[in-house]
Amino acid sequence: MTSSINETLIRATVTRRENQTDDIALFELSAADGSALPPFQAGAHIDVILDDDTIRQYSLSNAPGEGVYRLGILNDPNSRGGSKRIHAELETGAELTISAPRNHFPLELAASHSLLIGGGIGITPMIAMAYALKAAGRSFELHYCSRSESKAAFLAELKREFGEQLVLHFDDAGDAARIDPKALCQDAVQGSHVYVCGPGGFMDWVIEQSKAAGLPDAQIHFEYFSAEVDISGEAFEVFAETSGVTVQVGPNESIATALKAAGVKVQMSCEEGVCGTCICDVLEGTPDHRDHFLTEEEKEDNDQIALCCSRAKSARLVIDI
Ligand code: FES
């Protein structure tokens, strides 16, 4: 897998900015030169490249096929500065650099029924999925979990477009409004798929409840925005074969940090094991996977590693960088 920064970049213009809540804004993007933007599928995201060290991933939240990319971005006080800069700098008419869409969160359009569950700003990929399922005439329900109605973005549109398929769960609306993913999965028809996006703890809970309801892993789909990641462990050695550099990775250090200190350029974005930008091929040795990006099957193959957070089970790794 190659880093996103090496892919074709697009100059885009903000054709519409709309503040949806006090901390969530909608940004609609078109190609700056007026050409057609590459098409995307529901679940896809783009990189927004603010500078070499500030690359952020955002899900596309509009109906695929509309010819624009629409982002919903939370001005997150806990962020490392990307969303804050976007909110401060990107007004209508501003230009920015983005990547083409990539999709690590695809829909199984053929599923008998789809349960789309978005927590907070995690609603964004779910909206694109709901549009795709509606267009295909498939059975689905869209669950939107938010602290309160005033914190929920896109609400008028979702009510208008999805009617009874939209189920709202506001924390301040009492226990009756609380989502129960286990019951939803148990009540869903055979062959239903669950999709979840939102804060890490919320996602972990929905995934665990879906599994507890008996849903097979292959029918549970998720995309993490951010995650707590423990990078600590025993020291080990890494040989970066393409660069011809060997480094020792200390107990509280990441492979990426050790490589960077030795002059090897490692491209990263989230630094939390969720975006995939730092994924690198493993040529020898056994990774100790700590990321939320690779699938369980990919992790079992042991031929890729997230350099920002994963470690080694073997004393030495040889990687293709
Ligand atoms: S930088 Fe995002 S997964 Fe490593």
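How many residues does the hairpin that joins β1 to β2 pass through? The hairpin makes this join through four residues.

## Basis of the model

The structure is a predicted model, in which local features need pLDDT of at least 70 and side-chain atom pairs count only at pLDDT 80 or more, while totals for chains, interfaces and linings use all residues. Residues are numbered from 1 along each chain as its sequence is written, and side-chain values use heavy atoms, with hydrogens and water left out.

## Strand β2 and its partners

Strand β1 (residues 9–19) pairs with β2 in the antiparallel sense over seven bridges, pairing being assigned if DSSP finds at least two bridges between two strands; here E18 stands opposite L26 of β2. β2 also pairs with β5 in the antiparallel sense, over six bridges, and R70 in β5 is the bridge partner of E28. Strands (E, at least two residues) and helices (H or I, at least four) are DSSP runs, numbered from the N terminus.

Eight of the eight residues of β2 are buried, that is, under 20% relative accessible area with a 1.4 Å probe and protein chains only, where exposed means over 50% and partly exposed lies in between. I24, L26, E28 and S30 point one way from the strand, and A25, F27, L29 and A31 the other way, all of them buried.

## The largest nonpolar core

A nonpolar core is a set of buried Ala, Val, Leu, Ile, Met, Phe, Trp, Tyr and Cys residues joined through side-chain atoms within 4.5 Å. The largest has 30 residues, and those with the most contacts inside it are L116, M126, L142 and L158. Among the elements that each supply at least two of its residues are β2 (24–31), α2 (123–135) and β8 (140–146), with α2 giving the most, nine residues. Because domain 1 (4–99) and domain 2 (114–224) both give residues to this core, it lies between them; the domain bounds come from an automatic or database domain assignment.

L142 touches residues including L116, M126, L158 and F162, not counting residues up to four places away in sequence, contact meaning heavy atoms within 4.5 Å.

## Helix α3

The buried residues of α3 are L155, E157, L158 and F162. They fall within an arc of 160° seen down the helix axis, so they line one face of the helix; the arc is that of the directions from the axis to the C-beta atoms. The face turned away from this buried side carries the exposed residues A156 and R160.

What covers the buried residues of α3 includes β5 (69–74), α2, β8 and β9. Just after α3, G163 takes a positive phi of about 45°.
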